[in-house]
Amino acid sequence: MAGFSTRKGLLMYIVAEKEIAGLMTPAAAFEAIEAVFAAMAARKAYNFPVVREAIGYEDALYGFKGGFDGAALTLGLKAGGYWPNNQKHNLINHQSTIFLFDADTGRAKAAIGGNLLTALRTAAASAVSIKYLAPKGAKVLGMIGAGHQSAFQMKAAAAVHSFEKVIGWNPHPEMLTRLAETAAGLGLPFEAVELDRLGAEADVIISITSAFSPLLMDAHVKGETHIAAMGTDTKGKQELDPALVARARIFTDEVAQSISIGETQHAIAAHLIAEEAVHELGAVVTGAIPGRDGAEVTLFDGTGVGLQDLAVAAKVLELAIEKGLAQQAEL
Ligand code: NAD
């Protein structure tokens with residue numbers, strides 16, 4: 001990196017979690033994720049094996065997701081996990097930090113708050129799938145899930161496609177106010193509906209719940225539809241009927257994750273589809289394979305890869321340096 005000499009070479013940047021909201025925009029996150037999916041499909045970027053451990057203390061799940069993007073020269077990892085008892089410390093349960101390393105020397109380059117970036121990169125992934133896979137003239141966005149991530153998902157989807165209406169369903173109906181308020185903020189009408197209406201009326205569906213059994217059934221989904229299934233990121237989790245998965249033309253961020261911890265794990269286990277049916281979304285971005293290709297239903301199985309974290313972190317570091325908001329510390 002230019003200017004990284006002697007004493008400077010011993011410095012690393014820190015971008016505080018509190019600065020991320022003012023620095024990162026959904027549009028910048030979208031660009032970073034679109035580019036890294038393309039680099040993955042072109043085999044210029046790859047993810048390292050994921051480590052995720054129940055550490056036997058505070059019921060915490062801790063782990064690392066890392067990778068190397070040889071096109072952007074982004075190297076590093078996200079470390080963190082889930083601490084279910086964090087309320088007593090006045091902290092949110094998901095905690096993560098992204099570390100970037102200089103690809104030329106291996107020196108630590110930056111530590112960046114990863115909490116908000118995780119939501120932005122996850123929402124950007126489904127937005128990329130909507131850009132490339134939404135049926136022509138899609139008007140109605142259907143939201144399944146009303147937790148923390150759902151608002152980010154809706155905003156990113158609305159930034160990439162002009163929807164006329166949002167409909168939503170959540171297993172805990174008292175949480176639906178989050179969807180109503182987010183839609184209102186986007187100037188879109190919102191209606192709470194049952195899942196059969198959601199599947200029949202929505203042109204694009206985002207599911208982002210912690211479900212462990214199917215919510216959206218094959219019989220619910222009618223007509224040309226794109227589904228971004230974003231909640232299933234662990235073995236055993238499930239949001240969709242495997243028959244619906246099998247009916248769809250399937251895309252994912254990374255095939256190995258999709259079939260092991262993503263939504264397709266169940267259709268694979270039931271022998272309804274083979275691994276070959278699962279395509280990389282990045283290959284649609286590069287133009288190597290077609291998108292909808294006449295399919296009635298398309299599915300993006302978003303499992304969340306380390307390279308997504310690194311991509312948005314690299315962008316936020318660039319913006320923070322530009323705006324003088326990156327602290328420097330000697331290491
Ligand atoms: P949250 O805890 O804020 O909200 C949870 C959502 O799931 C709510 O809609 C809730 O009503 C619903 N829910 C809770 N228990 C359920 C159950 N047993 N069955 C069905 N629904 C249930 O969580 P969040 O931060 O919004 O995250 C939602 C999901 O997204 C989680 O599963 C999380 O692991 C996943 N996630 C995925 C990625 C990715 O890259 N794919 C990234 C971040 C989070």
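Which helices and strands do the buried residues of helix H4 pack against?

## Helix H4 and its surroundings

The buried residues of H4 pack against helix H3 (115–133), strand S8 (140–144), strand S9 (165–169), helix H5 (176–185) and strand S11 (204–207), where contact means heavy atoms within 4.5 Å. In H4 itself, which spans residues 148–160, the buried residues are Ser150, Ala151, Phe152, Gln153, Met154, Ala156 and Ala157; buried means under 20% relative accessible area, computed with a 1.4 Å probe on protein chains only. Helices (H or I, at least four residues) and strands (E, at least two) are DSSP runs, numbered from the N terminus.

## Basis of the model

This is a predicted model, in which local features need pLDDT of at least 70 and side-chain atom pairs count only at pLDDT 80 or more, while totals for chains, interfaces and linings use all residues. Residues are numbered from 1 along each chain as its sequence is written, and side-chain values use heavy atoms, with hydrogens and water left out.

## The eight-stranded sheet

Eight strands form an open sheet with parallel pairing, in the order S10-S9-S8-S11-S13-S17-S15-S16; two strands pair if DSSP finds at least two bridges between them. Strand S10 (190–192) and strand S16 (278–280) are the edge strands, each pairing on one side only, and neighbouring strands of this sheet are turned against each other by 25 degrees on average, direction ignored.

H4 packs on this sheet by touching S8, S9 and S11, and its direction makes about 165 degrees with that of S8. H5 lies across S8, S9 and S10 and runs at about 165 degrees to S10; axes are lines fitted to C-alpha atoms, for helices over the stretch in contact, and angles run from 0 to 180 degrees between N-to-C directions.

## Strand S17

Strand S17 (residues 297–301) is largely enclosed by the rest of the structure, because five of its five residues are buried. Val297, Leu299 and Asp301 lie on one side and Thr298 and Phe300 on the other, and with all of them buried both faces of S17 are covered.

Strand S13 (residues 225–229) pairs with S17 in the parallel sense over five bridges, and Ala229 has Asp301 of S17 as its bridge partner. Strand S15 (residues 249–252) also pairs with S17 in the parallel sense, over four bridges, with Ile250 standing opposite Leu299.

Key
Buried means under 20% relative accessible area, exposed over 50%, partly exposed in between (1.4 Å probe, protein chains only).
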